[in-house]
Each structure stands twice: as structure tokens, then as C-alpha cells.
Amino acid sequence: MTTFRVPGRGRVLHNRPVSFTFDGMTYQGLEGDTVASALIANGVQLMGRSFKYHRPRGPMAAGSEEPNALIGTRRGKGRFEPNTRATVQEIWNGLETNSQNKYPSLKFDVGAINDRAYMLFSAGFYYKTFMWPRSFWDKYYEPFIRAAAGLGVSPSEPDPDNYASRYLHTDVLIIGAGPAGLASARAAATAGLRVTLVDENSEPGGTLLSEPQASLDGTPAWDWLSAELDALTDLDVRIMTRTTAIGYYHQNMIALCQKLTDHQEKPAEGAPRERMWRVRAKQVILAQGALEKPLVFDGNDRPGVMLAGSAQTYLNRYGVRVGNKAVIVTSHDSAWYAAFDLASAGTQIEAIVDTRPTPNADLIKEAAARGITVLPGHTATGTSGRLRIKSVRVNKVENGKVLNARNISCDSLLICGGWTPTLHLFSHTKGSLKWDDESQTFLPDRITEECQIAGAGRGLWGIASALNDGAVMGAAAAKALGKSATTQTVTVANDRPGTGESHTELPTDLDPGKARAFVDYQNDVTAKDLRLAVREGMRSIEHVKRYTTNGMATDQGKMSNINGLNIAADALGKKQPEVGLTTFRPPYTPTSFGAFAGYHKGEHFEVTRKTPIDSWAEENGAVFEPVSLWRRAWYFPKDGEDMDAAVRRECRETRKSLGMFDASTLGKIEVVGPDAVEFMNRMYTNPWTKLAPGRTRYGLLLGDDGFIRDDGVIGRLSDDRFHITTTTGGAARVLNMMEDYLQTEWPDLKVWLTSTTEQWSTIALNGPNARNLIEPFVEGLDISDAAFPHMSIAECTFAGFPARLFRVSFTGELGFEINVPARHGRALWEKLFDAGQKYDICPYGTETMHVLRAEKGFIIVGQDTDGTVTPYDAGAGWAIGKNKPDFVGMRALNRPDLTAEGRKQLVGLLTEDGTSKLEEGAQIVLDPNQPIPMKMVGHVTSSYHSDAAGRPIALALVEGGHGKTGDTVYIPMPDRTIKATITGTTFYDPEGARLKL
Amino acid sequence: MTAHVDLNMARTLAKSSAVSVELLPSVARFSLRAGTGEQTALSKALGVALPTKIGQCTRKNKIEVLCLGPDEWTVLAPEDQAVKITDACEAIYAKAPHSLTEVSDREIAIQITGAKATDLMTIGCPRDLDLLPVGEARRTIFDGVSAVLWRDGSDEYRLDLWRSFAPHVISLLETGCAELAAE
């Protein structure tokens, strides 16, 4: 087998071979290799097919910006990931990888027919082709687009991996551990600051890893790097590798995704695969460097075509020559060094083709010394080779004229169109950019966050300038934090600073309309597409982007954005800043859903609040329903009962003898202070002054708009102490609303609120035997009807526990609610359940509670009200204290629209046939024969089968309903129209006789 | 859905080489609210001066008082002192009105100790823990759940949690405890 490995070269471990598979073939690489470097070492450049044209592709880059070499990886069962960049994935023994977007095989793919038909698939192809006829959309167009959309295969099994997350606070966060980042870290750390240095690569060093020839303060680059890392560690700098800063959010909140196990053959049992760090940094230093730009010409995408800087990285970092015979096409000095390094390692350099007429004389001299042909003032106009490049066509350009072509055969074509500062994260902050004419790129301008940009990220080139700029920026960050840093100047020998020129498409002697000159490799966007978009009327770069999809692939245009902009600007005849740059958005590189979800999956997906009695309900077969964050027992089916049967039984047994219900989720607020009663008067609609200690009252709470917000029974424990209950879902917002009024409107009131929802476990007992059951448990309190009438409250000892006992009923039956400290909730429940056996006590759930209250016409806030219902609408005008000077919502109740005729009012509904149960939410009309759309006058809010009423019952909001008692209304349903009569809202025991036991 | 956790029995919930997570025995807990004019009288009644800076704690005779807001304190005490505290405050209510409300059962406390206790806190708490001095406490959130976080030592924390939210937090502490040990 051909090998392109250079013995002893690079940072890979030559004595540690690693076996992995690609498309079922086993390959050997070395520890430290990525999939891409190992495959290239084996002579494999073909790693994928492009998205639209299915063109054969190989890696363009050596890092995370890679657009082409996207592979599927499998790390065992369930651990399949599509679209992993082969240039990032490290290899280990047993790693399985495969290519994508090919059928039946990578080397022969039928989808490549698209490539032959490329003239059809121009910009806007989808918009133009799939529009007409309309009837084709559902059957043909949409299925076609769906089949063609998406890259790679979605995983089909649940992800067995764990994901983690942490918060981190640091004084200075440095993103990018190249020369600029390292120097920043050193400076900031000497100032005694907490410093965090992160890098997406498997090891820190950045450019230094690819340029071992440099010597820093007389020490070879890699030795210097290793000593510097030790020094930083000694200074307590937190260095994190394989850690990508994916997003830069407000106030210096940065998200880091750290890959923990994808590079490991045997990860520790249960170890998280990735960890999301939510970092709050006082200062951020962006030292992300720059990304190399391709040159745009026909055939610039064949396997074997690669960025020159990446070829240099493969050689120097991974010890891999990209080919035996290479041609360099460049407009920047940097590519010359790649040529020199490769030549030294044994690759034949066929030519250095430079678009500039007079490249740097020193470089020309060096090339001459090495016997390398130099073709200055040349252009590239085409390439050949199907699965790997075979030759490149180059022409001399004179006075703007492209002269005769010559073909140079090669197996590698290394291109370089200059470098683009990596400003993605800076762009997240909405910091503005400024076009720099000289370097033909955008540079950072106005900074909006506490951040600095260092090194190549702001257009500086070469190791020395990056190092020294890093130190300056590190010191600037320290100064901003009131500290002073020591900066050191590093002397660099064998540095490779350089300059270059920027181009649109390279000039050609062939028909540019037929050129497949790729700008966005991943989305298969060519220069021709961009020019077509402009011809068809796109003016803004945002429109050009969407019309062509340039920069919209998973690499977010890391290679294509500036080339795309240059071409669009040229087509528009405008300067680049007038055309604009698209906005980069997080994440910087594709990030797994798992990293975002973190711990929140499976059992830990979301908080589930449970009462102290919940475990008993679970053990006794309850079916649960979610109510806000709580889960509540919904019903307790017995012997295979369905919900209907269970609820009917629970209702029957409660009304007949005794039911028990876990009401612990009810919100509870303790109101204490000399102004407690005044506060209650202002807050609730009801009058409280005359409520004696030991008594309770139903309270209605409005918003300042006059609409019902909450309700509940409230007990007065003493002159200065009230025990409020709220709805389950309303507890937190009612307390917030009350605190809001207290702190902003009535700070003069001496009254304080405390949430006691979770202090108490609450058990409701309802039914004719309720008193018989509890009487023996109560100490020190007479609970006879005379001494403890309906709507009473008392503190007592209950079954040995300190308790607050309410006599209250939400069912219409004799009822008590016992509150005991939460820790005793389940113990008390069990005592009552055991003692209740002689009364056939029946535990019931929320559904039965709903039926029993509906039979009595008691409303549920949020079900029978929807935020637009006043007390009068709900038939609860009696709850308003008419003589009170004020309460929240009082003024609004006098608004004309709230006093107008025809408001929707709460009524009862009985279906005429006596058997049809209405659908909750169903609309109500007065005349079923009117044309559609009918006038809807209301809707059903609650509907149940009621054994107590002997028929289905319903509550509804109906326009002017209180004046329509006895009228017939209609509820049109899909299959029929149901006739119903408007009634009062009490369906059972209207005299309330059953309370008076 | 998080599993049921018996919150009535103090015990070790999770333990690894990195960190240990304990459910603490119950104590008497009160929420104390009062205006500035009443603070001296209340300090005297409780036998411990009310701290006035939010997050600060004072301790005396096994009573621990934490200032949570300009007019809000948490008072912790051994359970057998509950009645004494209630009575003492009740006695001065007429001339120094305030709200003393017992919340002993509203909350449970979890203690986190060990070399990686701070790291464990960072999986759920967004605060900068370097800014939480030993002996102080903060109202904060842990994994989205409202909590009071006490720093009792450089590697010793206490989390006060409302009862129904505790199992969610405990499940994450258990996960984190194992995660940190595997590092």
C-alpha cells in the first residue's frame, strides 16, 4: 500500500499504530491522527460526495472549517453520528467511519447524474422549478425535496450517551490557544487573574503546531510551546482542549462545548460524552486566528485540491505528505512555505503558480534554490481527474488578457487565496466590522462587549506579531480589571510573515458560464450562481445568500463568505461594505443536541413536583396527570376500570359515604401583620373586616383589569393572621402579584407574606361520614356542626400532629381539610385510610374533584374562566364587597365594556336528549340553520357525566347567558348538531342541605 | 420523572471519592419579616443580632439567622427551641410587629462536602462561588430550582430546597457525584 507518512515527522506517535475502518476497509493510522490525516497517509483523498451534484470530494482543510470531508462515525450501538468532520475526528482502535451522500458506493454514485445536468441546477432552481402546477406540490415536489434534503443519515436509535454541563466564572477567557492566545494567557495570569484558555483542537498551540521551523527566544517552537504550557499551568491557567466556544452571548456569557470521549477507545463507564460550559467572563480575548480562503476557478474542488496551509499542517503536525506531485496556485506568500516544506519532505513540486506578476523576491530565490518552477502572473483555468486530480490547466495573464494554456500533471493542487480573520464570535456580539481595503477583508471595528481581539483575528500576520499582540491584549484585559500585567516580548526566528492579494474568480480564457468554480463547497454554490442571483435582481448579500444558499451549509461559510461577497460585489459594481456581510450565528461549529440538553433527559428532563402523599397514590395504582409542575393523582382505577368507570365510582362513593383527596398542591400564603386585614381588603374583592378569627371565606382575586385571576378559601387564624389558599397553578404568581403590590403600591402597610404551600400537607375529606371519621382524631376542639360550622378554621392536634383544620367543601358534601406539617402527610393519610375502611372510604383524584365541584357549579379558574371573565360574568357578584373603598380591579369593573350588555356569562347547559355529553371547548350558536360561518355566541368550559344529576352536565360561557335561562342553544359538531337548554349552574342539592350535617 | 426520595430520614444520599451528599436532620425553620424599626427588639427576643447585609449570617446559642432581603430573614434552630422562639417573638409582637411564620416542613437541607464540593455546585448553580465567603449564604437557583446556598467551609456547602423540588436536585447531585469521581 502506498504510504504518504513521513517517518519521524509530526506530532503523531509513530510507534503507536491505530486501526480503524472507512467504508468497511481497515486502515492503519497513528495515535494523534484524525480520520482525514490517517486516510491521506494511506493515499485516500476521496472522502465524500458533495450535497447537490454528488461530485467526488476530498478534504480541503485540516481543521473544523472543513466543508467536504463529512463522514458518519459509529462508536458502538446507538452511537452513530452523521456529518462528523473527518479533519476533526481523532482515530482510535475500532472506530468505524463511512462516507455519505453516495449510492451505491463512494467511487460510483448514481446521484452524480446531477453533476452532468449541472446547467439545470442553477441558483434559485427550487424556486423556479417547484412552483407550478400547484397540484404537483403534495404528490411530487415536496416528497422529492424531502428525499433530496439533508446530508447524512439521521441516527435512528436513542442516544445512550450522557451529556454534562457546568457553570464557570473566570476573569479572562481566551478563545484560541495559538501564539496570540498563549501570550494573552501569560500576560493575564501574571496579573493574578483567573484565566481560562480554550482551544477546539486536541492540543493547544495553534499555528505553532504547523510551524515547527520557528524558533522562539532561541528555542525550537515545539519545545517553547511545551515549556510555555507548563508555565501557564504553574500560573493556574485553566487550559481546556477539544473545547469549542460555540456562542458569545450578552454580557460576556460564552458557551463552550467540550468533547470528552469521542477521541477515546474505551471511555470510562458512564463518563459524559460532551460537556457544555456556561462561562461568565469579565474579559474575553478572541484569539481565533484566521482561515485560509480558496481560489475560485473551474474544477477547484476535485479530490487532491486542498488549501496550502492545510497541506502544511498535514505535513508538520501529522507527518503526512498530501501527494507525490504537487502544484501550488496562490495569491499569498504563505503557500510558498507549504511548497518548500513539502519539497523538503520529498514531494515533487511541479510549479508554484502565483497570480501576482511579481511575487516576493526572497521567495522566488528560495524556490530557485530548490529548483522549483515559478509561474508568476498566471491563472488557473481548469483541472482534470475524476476521483483525484490529474492535472491543472494554467495560463499566463498579460495586460488583463489570458494567454495560451498549459497543463501540468499533479496528484495534489494546493491553493491559497489569502486569509480571512475568524470573527464569528465577534459577530455574535453584534460588534461592527470595518472593510479593510488593503487586506481586502473585514476587520473588527466597534466593540460592544468587554472583549479584545488579538493576533490574526485582527489581521496581523506571523508568529511574532501574534505573540506580541496577544501579550498586549492580555495586559489590556488585566488593565480593564484594574490589574497590571507583565508582558514579555518574544523574539522569533524563521517566522513566516507575508502578504497577498484577493480575487474574485480567477480570470479564464474559457466560457465562465460553464465553469464549475466552487465558492461554497458544501452547498455546491459556484461563482456563476452568485452572478446569476445578482442578474435576477438580488441586491443585498442576505438575499444573494438565501437565493444561492451560499454560506448556509453546516460550515456557515467559513471558506465561502468572503469569496461570495467579493463576487457579488463585483457583479453589482459596488464596494464590499456596501453589499454587506451576512451575520454569523451560534454555534460556531455544529454542536450535538445532547450537549444542549445536558442532564435534562429521561427522568431528569424537567422538575416534577410530588406531594408527600404521591408515593401512596403510586403504590395504590393511581393514574397521574400533570398540573403545572406537579403531578397529581388523576383517578384510582380498580379491577381494570377505565377512567369513566373509576371516576363515576369515586363520585358515587364520596357522595354516599366518604371520599379522601390529596389537596397538598393547593397554594398557601400566610399573611401576618397589624395591617393584614387591610391588605386582604385591598387585594381580594371580598370584605374581610368582619370575618371573625376562626372563620373562613371564599376569596376572589382580580387583576387590575377586573378579570378573575385566582380564588380560594381563606381562613382568619387571629386578628393579624390569615391563611390563604390559592389554586395549584396560581400559587407562585399570586404571591408575586401580592408582593408586587406590597412593595410598589403599599409599602406603608405593616404586613408580610410567606409561602407555606410546602409547609403543609393537605387532606380533604368529603361525604356524609367525614365528621364521623375524623372526630376521634381531633384533640382539644369540638367539631360538632354547632361549635364548628361550615366555613370554620381552627388550630388543633390531629392524630397527634399539630394541625390546621378547615371545615370547607368543594363538593357540596360535609367536608374538612386537614393541614399537617408536610413530613406527616403520608402518615396521616394512611391513618385516615385505615380508619376510614369502616365507612368504605374512597381515595379519589383530580377528575372526580372536578366532577363533584361542577355538579355544584363551583368554577375552576383557568377552565371556566380564561382571563376575560369578571366576577359578574362568572355569577360571583356576591363575592364583591360593595361597601369597600377599593380593591384590585374595582375601577376596571366600572369600565363601559365590562358593564355592557351581551358579555359572555357563565351558565349551565343540559343537553335536550339527556344523554349526550358535550365536548369541552365546543362552540355554541343560537340558530343552527344560519349560513356558515355561523355566529358563535360562546363555548362549553366544563362537561362531565354526572351520576348525581342523572345525566351529563356542562358549564358554558354564553353571550348574555344570565338572561337566557330556559332558552335553547345549539352545539354544532362534525357529525351532528346537539340541542341544549341554558340552566343555572347548580345541578345538585341547590339548597345546600348536605352541608348542614 | 425523578424517583421518590424519602425526605424524612437523614442519611447519605450519594458518596464518591470526590464528594459526599447528605440529607441533613430536620431543624426548626422560620421566615421572619419585619421593618427596620423592629429589628433591635427582635434581635433581643431571639438572643442573636439580626444581620443587616443580604447574605450575611449571625449565629448564637445554636440559632442561625440569615439575612435574605431588606426585611427578610431565615431563622434556623434546633427543633426543641421552636416553641421558645415562637413565644419570645409573640411576646414582643404588640410593640414590635413582625411576621414569624414556621416553615420547618417547607424545606429540607442537603450538605455537600469533599474536595470537589465546589465543582459539584457548578453543575447547577450559576453564581460565582469564589464570591461566596465561608459563613455566608445566598438565595440562588440550582438546576433551575430556587434554593438557598450556604457556604459552611471552603469545601462544605448546604442547600436549602423546597420539599417538592428536592428530588430533582438530589438526582442531579447523585449524577454529578459519580461524574466527578470518574474524572
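Domain bounds here come from an automatic or database domain assignment. Keep that in mind, because this is a predicted model.

Chain A, then. The assignment gives domain 1 at 13–130, domain 2 at 163–290 + 421–493, and domain 3 at 294–417. Domain 4 covers 666–830, and domain 5 covers 898–995. Take domains 4 and 5 of chain A. Their centres, over C-alpha atoms, lie 32 Å apart. Six residues of domain 4 of chain A touch five residues of domain 5 of chain A. What classes make up the domain 4 side of that contact? One nonpolar, four polar and one charged.

Buried or exposed? T665(A) is buried, because 25 C-beta neighbours fall inside 10 Å, and the cut-off for buried is 20 or more. Leave aside neighbours within four places in sequence. T665(A) then contacts T611(A), V627(A), W630(A), R632(A) and T728(A). Look also at T762(A). T762(A) is 97 residues from T665(A) along the chain, yet their C-alpha atoms are 7.9 Å apart.

Now chain B. Helix 1 is residues 39–46, and helix 2 is residues 82–92. Their axes come within 9 Å and cross at roughly 145°. The crossing is right-handed. Which residues meet? From helix 1 of chain B, A41(B), L42(B), A45(B) and L46(B). From helix 2 of chain B, I85(B), A88(B), C89(B), A91(B) and I92(B). By class, this helix contact has nine nonpolar residues, no polar and no charged.

Terms used. Residues numbered from 1 in each chain as written. Chains lettered and ligands numbered in written order. Predicted model: local features only at pLDDT ≥ 70, side-chain atom pairs only at ≥ 80, totals over all residues. Axes fitted to C-alpha atoms, helices over the stretch in contact; angles between N-to-C directions. Helix = DSSP H or I, 4+ residues; strand = E, 2+ residues; numbered from the N terminus. Left-handed = near helix turned anticlockwise from the far one by under 90°. Contact = placed C-beta atoms within 7 Å. Nonpolar A, V, L, I, M, F, W, Y, C, P; charged D, E, K, R; others polar. Buried ≥ 20, exposed ≤ 12 C-beta atoms within 10 Å, placed from the backbone.
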